[in-house]
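I opened the notebook today to look at charged side chains and how they pair. Here are my entries, in the order that I found handy.

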Amino acid sequence: MTDPSNVRNLHPWMFVLGRYSIAIFSTAVVIWVRSLLNPWLNERCPFSLFYMSVLLTAWVAGSGPALLAIALGTLAAARFFIPPETSFWIEGVPELVQLVIYVIVNCIAVLLFNRVERQRRLAEERATENVRLGEDLQQADQRKDDFLALLAHELRNPLAPIHSGMALLEKNEDAPEVVRSVRKIVERHTRHLVRITDDLLEVSRFRRGHLEIVMQRIDLREPIRDAIEMIAGAYESKSQLFQSLIPETPVWVNGDHVRLTQLAANLLGNASKYTPESGRIRLVVESHDGTAMVAITDNGIGFSDHHAARIFEPFVQIDESRIREYEGLGVGLTISKRLVELHQGSLSGRSRGPGLGSCFTVTIPLLVQAVVESTDPTRLCDQLQQDVGSRAAPVAEALPKSLPEAASVSPCKLLVVDDNLDASKLLHDLFDCEGYEVQVAHDGMEAIDMAVKFRPTVIVMDIGLPGMDGYEVAKQMRRTSLLSNCKLIALTGWGSEQDRELAALAGFNLHLVKPTGFQALLHHVQTMQVEAGQTVESTV
């Protein structure tokens with residue numbers, strides 16, 4: 001039944017009292033009306049008006065108050081309208097028949113009201129559930145689209161320098177230095193592709209429950225040292241200061257050596273990725289109340305409370321913009337948390353806010369409890385943070401069907417803008433082989449400054465640039481009079497129809513999706529030259 005709106009938010013006993021008071025009030029009103037009609041009705045139809053009080057109560061207050069209204073109507077009719085009026089006893093057969101009919105009809109009416117109300121509530125619950133399911137499906141569909149776009153971007157980025165490297169090898173097969181350089185680039189980006197594939201397979205195995213671990217008695221210090229050795233190169237490349245505090249005595253746990261190494265390497269790699277150059281990272285291993293505790297602290301970008309609730313979800317990254325300063329699929333912490341859970345432990349992450357670093361703490365049960373000074377994990381994280389620092393589209397555009405003036409187009413000034421050092425170097429070398437005067441920029445501000453000084457005819461630019469994305473760079477270039485006639489080509493891993501529209505609105509003349517073959521890119525650059533009116537004779 002529909003609850004009275006004026007008592008819905010009251011204390012429970014007040015709510016119940018309000019419902020049952022409706023039965024009393026409606027019966028009292030009917031008694032008053034029936035008394036007014038008594039000169040005309042006399043002893044006839046003593047129960048007729050009480051049907052109204054029962055139905056009204058059932059509709060407004062529910063079945064319980066409606067049953068009370070039936071009882072009150074029976075007593076009121078017997079007391080006031082059925083002789084003898086001073087008694088509650090009913091002796092006449094006609095009056096008894098009317099009473100039986102009154103009770104049966106009203107009970108049936110109350111049951112019908114109750115059934116209708118249950119169906120209404122069930123329909124409302126189903127409608128609410130359908131709305132929730134619809135919203136969940138929309139969110140899941142959006143997350144799927146976002147993930148596919150991210151995956152396409154992450155796959156295309158390493159494919160682009162590999163593709164360009166192959167093109168450079170074709171032109172320099174007899175140059176050992178070029179071959180060695182390209183081989184290193186291809187090897188590096190192939191490892192990146194393998195890592196992405198491994199992450200995807202790992203998440204899939206976790207979700208299907210097919211991940212196998214071999215549990216045995218091991219010294220936790222050994223997999224941690226292996227992980228430190230694996231990540232050492234990342235620290236060196238960014239000139240980061242890494243410190244580790246590992247006890248001299250064994251830390252015995254029941255675990256899988258390979259998976260614990262993977263766990264520590266994921267957390268250490270994350271710390272390096274999200275910590276700027278010359279930053280500081282610290283790893284501490286301690287024992288506390290029968291638990292082995294590993295805390296990894298950095299003075300990197302940190303995260304807000306909003307991200308703290310989501311960082312362990314799959315495919316979630318702190319950096320979700322198109323700037324994409326930090327590559328990856330956002331599954332490292334998801335895998336790490338699952339690995340810890342398989343070892344009957346826990347993984348938590350804390351940060352004092354954006355730009356203030358972060359601390360991730362792993363706890364795993366000890367096999368042998370060591371007698372050590374008690375240390376609180378939360379207090380340890382705070383102390384360490386104070387110590388560490390204070391601070392989906394076509395693969396490529398089709399070749400132009402014809403380029404009648406391209407043969408007479410001379411190489412021009414070309415600016416390549418890409419934060420991927422390997423990709424930008426390869427494009428520089430390839431266009432240099434074609435006789436182009438090439439300059440390279442690695443971020444948005446550098447690209448604008450260099451373009452104003454260099455005055456290129458064509459600019460080949462990535463969208464995911466650090467600090468300022470390619471769309472904003474293009475807009476600022478279009479507002480600069482010296483660059484108003486410059487041709488802009490977007491060469492990016494973002495390839496949806498929406499990305500193309502954004503590129504056009506920003507001022508790009510052409511949108512290409514990585515990996516684009518060099519010959520196709522060369523044709524597009526030559527086409528842009530023709531459109532720009534470049535007719536200088538070739539000097540090559």
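**Entry 1**

I began with Arg-120, which is partly exposed, with a relative accessible area of 31%. My cut-offs: buried means under 20% relative accessible area, exposed over 50%, and partly exposed in between (1.4 Å probe, protein chains only). I am working on a predicted model, where local features need pLDDT of at least 70, side-chain atom pairs count only at pLDDT 80 or more, and totals for chains, interfaces and linings use all residues. I number residues from 1 along each chain as its sequence is written, and side-chain values use heavy atoms, with hydrogens and water left out.

Which side chain does Arg-120 meet in a salt bridge? I found Glu-117, at 2.3 Å from N to O. The rule I use asks for a side-chain nitrogen of Lys or Arg within 4 Å of a carboxyl oxygen of Asp or Glu. Both residues sit in helix α4 (residues 93–171), three residues apart, about one turn of the helix. Helices here are DSSP runs (H or I, at least four residues; strands are E, at least two), numbered from the N terminus.

**Entry 2: Glu-117 again**

Is Glu-117 buried or exposed? I noted it as buried, because its relative accessibility is 7%. Glu-117 also forms a salt bridge with Arg-121, with the closest N and O atoms 3.2 Å apart. Arg-121 lies four residues from Glu-117 in helix α4, again about one turn. I put Arg-121 down as partly exposed, at 39% relative accessibility.

A reminder to myself: side chains of opposite charge can pair when their charged atoms come close.

**Entry 3: Another pair, and the count**

Next I looked up Lys-171, whose side chain meets that of Glu-434 in a salt bridge (2.7 Å, N to O). Lys-171 is partly exposed at 35%, and Glu-434 is partly exposed at 24%. How many salt bridges did the rule give me? The count comes to 14.

**Entry 4: Confidence**

I checked pLDDT, the predictor's confidence in each residue, from 0 to 100. The protein averages 77, and 75% of the residues score at least 70. Over residues 320–324 the pLDDT is below 50, and this stretch has 20 contacts in the model beyond near neighbours in sequence. Residues 369–375 are also below 50, with 12 such contacts. By contact I mean heavy atoms within 4.5 Å.
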